Amino acid sequence: MYKEGFAGMMPSFNVENDLIMCRVILHTNETIIRRGQCHKVIIELPYGEDYQEFIFKGYSFTLNTGRKIIAYGKIMSIY
C-alpha cells in the first residue's frame, strides 16, 4: 500500500482485467492496515458470483484505487 489503509475501505478488485468494487474487512480487531506489512483480510465482492469462474483458491489479485495498485494478495479460501 502506498499509504495506510483502514477496515471498510472500498478499493477495486482486479478480476481478468475488470475492476470491480469490493470492501476490505480486517480479520483481526485492528482498524488500520499498515503499509509494508502482511495482513489477513476478508474481501467482500458484491458481484462475486458474476466472476466465480475466474476466482479460485490461490488466485493472485490486486486492489486498486483509480489506476494505482495499492495492495496485492492471494485468495486463501472462498466463502
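Residues are numbered from 1 along each chain as its sequence is written, and side-chain values rest on heavy atoms, with hydrogens and water left out. As the model is predicted, local features need pLDDT of at least 70 and side-chain atom pairs count only at pLDDT 80 or more, while totals for chains, interfaces and linings use all residues.

Four strands form an open sheet in the order 3-2-7-8, with antiparallel pairing; strands here are DSSP runs of E, at least two residues long, numbered from the N terminus, and two of them pair if DSSP finds at least two bridges between them. Strand 3 (18-21) and strand 8 sit at the edges, each pairing on one side only. From one strand to the next, the twist averages 35 degrees (axes are lines fitted to C-alpha atoms, and angles run from 0 to 180 degrees between N-to-C directions). Strand 2 (residues 12-15) pairs with strand 7 in the antiparallel sense over 2 bridges, and Phe13 has Leu63 of strand 7 as its bridge partner.

The largest pocket holds about 1,000 Å³ of space. Its lining has 35 residues, and those closest to the centre are Val41, Ile42, Ile43, Phe61 and Lys74. A pocket is an open set of points on a 1 Å grid over the protein atoms alone, where a 1.4 Å probe fits, with protein on both sides within 12 Å along at least five of seven lines; lining residues have an atom within 4 Å of a point. The volume is the space filled by probe spheres set on the points, which are joined across faces, edges and corners. Strand 6 (41-44), strand 7 (60-65) and strand 8 (68-74) each supply at least two lining residues, and the largest share, 5 residues, comes from strand 8. By type, the lining divides into 21 nonpolar, 8 polar and 6 charged residues (Ala, Val, Leu, Ile, Met, Phe, Trp, Tyr, Cys and Pro count as nonpolar, Asp, Glu, Lys and Arg as charged, the others, Gly among them, as polar).

As for the cysteines, the whole structure has 0 disulfides, a disulfide being a pair of cysteine sulfur atoms within 2.5 Å. The sulfur of Cys22 has its closest cysteine sulfur in Cys38, 18 Å away, so a bond is ruled out by distance. Cys22 is buried at 1% relative accessibility, whereas Cys38 is exposed at 82% (buried means under 20% relative accessible area, exposed over 50%, partly exposed in between, with a 1.4 Å probe and protein chains only).

Finally, Asn29 lies in the loop between strand 4 (23-26) and strand 5 (32-33) and is exposed, at 82% relative accessibility. Its C-alpha atom is 26 Å from that of Tyr59, 30 residues apart along the chain.
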